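Good morning, colleagues. Please look at the sequence and the structure first.

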Amino acid sequence: MSHDDFIEHVKSCVDQSSPELEDHFKAFRERCSYITINQDAGDDSFVVLKKRMESYIEGAETQNRHFYMALPPNIYVAVSEQLRRNCYSEKGDSQIIFEKPFGHDLESSVELHKKLEPNWKESEIFRIDHYLGKEMVKNIMTLRFGNPMFGALWNCNHIDNIQISMTEDIGTEGRGGYFDDVGIIRDVMQNHLMQILALTTMERPGSFSAEDLRQEK
């Protein structure tokens, strides 16, 4: 995919039905950039990425960088090392974000964490499940803890059983190789569905901070 192809793809996903929206999109589009990195080529591609990022914020006193690793888990460590070595910000915050799965079992998860530890502080590492970004899932806590009626009834005395149904109107599409390696049950059940179950059954957290939510889950 070229940069122009990327912009056309973004345009197809954005509502530009009014002149005002079109103007906003034009300003947004000018801040978008697409480059291809060959992870196997060593540091050269990452140096190109660094220069591209710096060209957008040249002269800025603060330069925060967030690296979203929507990548196959087997190259997490290699790419994170190259990002730390070549693209880490010395003038602001750098954060690295990993999509699940973070390992395929406890042992591999601990091993992955140990390999990241020399380059990234725990406060710089985010492990996320994109399913938690769905509107329905985000509203579970509001429904439970912001509604006095449900707050009084949402317990084992009034709920007989919990059923969680997940349906999609698409097939595996281009994800067949990923599912063959990771396993569809491990990918969906221990991540998406367990997260929903935790949000549905956990006690009220002390606050809605990330730390308190994780502890209560």
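Let me begin with a definition: angles under 35 degrees count as roughly parallel, over 145 as roughly antiparallel, 65 to 115 as roughly perpendicular, and the rest as oblique. The model is a predicted one, in which local features need pLDDT of at least 70, side-chain atom pairs count only at pLDDT 80 or more, and totals for chains, interfaces and linings use all residues. Residues are numbered from 1 along each chain as its sequence is written, and side-chain values use heavy atoms, with hydrogens and water left out.

Helices (H or I, at least four residues) are DSSP runs, numbered from the N terminus. Axes are lines fitted to C-alpha atoms, for helices over the stretch in contact, and angles run from 0 to 180 degrees between N-to-C directions.

How are H1 and H2 arranged? Helix H1, residues 3–12, packs against helix H2, residues 19–29, at an angle of about 150 degrees, and their axes are 12 Å apart. H1 and H2 are therefore roughly antiparallel to each other. Their contact (heavy atoms within 4.5 Å) is made by Ile7, Val10 and Lys11 of H1 and by Phe25, Phe28 and Arg29 of H2.

Phe25 and Phe28 form an aromatic pair that is tilted, at 6.4 Å centre to centre with 45 degrees between the planes. For such a pair, ring centres of Phe, Tyr or Trp (its six-membered ring) lie within 6.5 Å; planes under 30 degrees apart count as stacked, over 60 as edge-to-face and the rest as tilted. Because Phe25 and Phe28 are 3 residues apart in helix H2, about one helical turn separates them.

Is Phe25 buried or exposed? Phe25 is buried, with a relative accessible area of 4%, whereas Phe28 is partly exposed, at 47%. Here buried means under 20% relative accessible area, exposed over 50%, and partly exposed in between (1.4 Å probe, protein chains only).

Elsewhere, ring pairs link Phe67, Tyr88 and Trp120 into a cluster.

I turn now to H6 and H9. The axes of helix H6, residues 135–145, and H9 come within 9 Å and cross at roughly 10 degrees; H6 and H9 are therefore roughly parallel to each other. Val137, Ile140, Met141 and Arg144 of H6 meet Ile196, Leu199, Thr200 and Thr201 of H9 in this contact.

Finally, Ala198 lies in helix H9, residues 184–201, and is buried at 13% relative accessibility. Its C-alpha atom is separated by 5.4 Å from that of Lys217, 19 residues apart along the chain.

Technical notes
Helix = DSSP H or I, 4+ residues; strand = E, 2+ residues; numbered from the N terminus.
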